[in-house]
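The sequence and structure are shown first.

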Amino acid sequence: MGAVLLLGVLAALTRSSVQSAAGEDDHSHEHAFLGEYAKSVLGMKPEELEDLLYWLVEQRIDQNKDMKLSANELQHWMRHVYHRDLENNILEAFNTANIKGDNDISFKEYRQWLFTQPDTPERTEKSENRLVARWRLADDNGDGRLSLGEFGVFYAPDEPHHKKMHGLLVDEYIEDRDKNGDYILSFNEWAGPIVGDEDLGTGKIWEMEMKARFKEADENKDGELHHPEVEHFLFPLEEDREADEEALHILAEVDDDGDGLVSHQEMMKHLRIFVGSQVLQHGKLFHATDEL
């Protein structure tokens, strides 16, 4: 997540904008469920993974103690995981870039650190201007330096509770697509970077999906997207929508008997969903998990 957030500082689209507009599924549910326990599972044996998941359900997630996970319990847990991961990423970036160890950081310090990172996109005048604009907007007291709280707003501007940044992100989003300079997006302008990209598996079905999304975003049904419509589409009012959708995605993937709950047996059967395929591959458990 850290790399994605870092790229989001410079990219024309934020991470949520890309996924919302493109309809992408990055399968993050394969890695997110364990939260702070994810790093401890590499190399675990099947029985150790089972013990960890049993403990996690019993002690941290299962609120009514029936040893089954409801949609509400999954959503509550995924919200916890999501917010904790975000806080950790922000703190890590702040501490890493803050070489002097002060309580705040200057734009010069951050910029020097940012452009030494291997995943940072090539520096351009456009990216520089956007960095400066985001920095200034996040700087509440206007002193040119960002505290940890201000830095979090700058670093993850597309977060639902960082509403002050959303207008600027929408400006960037429209600017990247608006071909005729009217500050309004037609369907072709809006979908242009997506429809026709073979790497995204595009085609007639994909184009139909994009048209459906465009129609959903076009609130006044005039065939165009204006700034408020783009903002409403990219940043829905539900602050925890991403975490909630993640939880519901997990439930849909593993609820084999359709009772709306995740049992221990279903969790073990779909172990990859909860611990990640990379974990299983590292521990060479692909065949072993089928026997659980």
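Lys164 is partly exposed, with a relative accessible area of 38%; buried means under 20% relative accessible area, exposed over 50%, and partly exposed in between (1.4 Å probe, protein chains only). The structure is a predicted model, in which local features need pLDDT of at least 70, side-chain atom pairs count only at pLDDT 80 or more, and totals for chains, interfaces and linings use all residues. Residues are numbered from 1 along each chain as its sequence is written, and side-chain values use heavy atoms, with hydrogens and water left out.

The side chain of Lys164 forms a salt bridge with that of Asp140, at 2.5 Å from N to O; the term denotes a side-chain nitrogen of Lys or Arg within 4 Å of a carboxyl oxygen of Asp or Glu. This pair links distant parts of the chain, 24 residues apart: Asp140 lies in the loop between helix H7 (125–138) and E2, and Lys164 in the loop between helix H8 (148–155) and H9. Helices (H or I, at least four residues) and strands (E, at least two) are DSSP runs, numbered from the N terminus. Asp140 has 60% relative accessibility and therefore counts as exposed.

## The network around Arg145

The structure holds 12 salt bridges. Side chains of opposite charge can pair when their charged atoms come close. Asp102, Asp104, Glu109 and Arg145 are linked in a network of such bridges.

Within this group, Arg145 and Asp104 meet at 2.7 Å, N to O. Asp104 in strand E1 and Arg145 in strand E2 are 41 residues apart, and their pairing links distant parts of the chain. Arg145 also bridges to Asp102, at 3.5 Å from N to O. Asp102 lies in the loop between helix H5 (71–97) and strand E1 (104–106), and Arg145 in strand E2 (residues 145–147), so this pair ties together parts that are 43 residues apart in sequence. Relative accessibility is 23% for Arg145, which counts as partly exposed; Asp102, at 33%, and Asp104, at 22%, are also partly exposed.

## The contact of H9 with H12

The axes of helix H9 (residues 166–177) and helix H12 (residues 227–234) come within 10 Å and cross at roughly 110°. H9 and H12 are therefore roughly perpendicular to each other, a class that covers angles of 65 to 115 degrees. Axes are lines fitted to C-alpha atoms, for helices over the stretch in contact, and angles run from 0 to 180 degrees between N-to-C directions.

On the H9 side, His166, Gly167, Val170, Asp171, Tyr173 and Ile174 meet His227, Val230, Glu231 and Leu234 of H12, where contact means heavy atoms within 4.5 Å. The contact residues divide into 5 nonpolar, 3 polar and 2 charged (Ala, Val, Leu, Ile, Met, Phe, Trp, Tyr, Cys and Pro count as nonpolar, Asp, Glu, Lys and Arg as charged, and the others, Gly among them, as polar).

How values were computed: Parallel < 35°, antiparallel > 145°, perpendicular 65-115°, else oblique.
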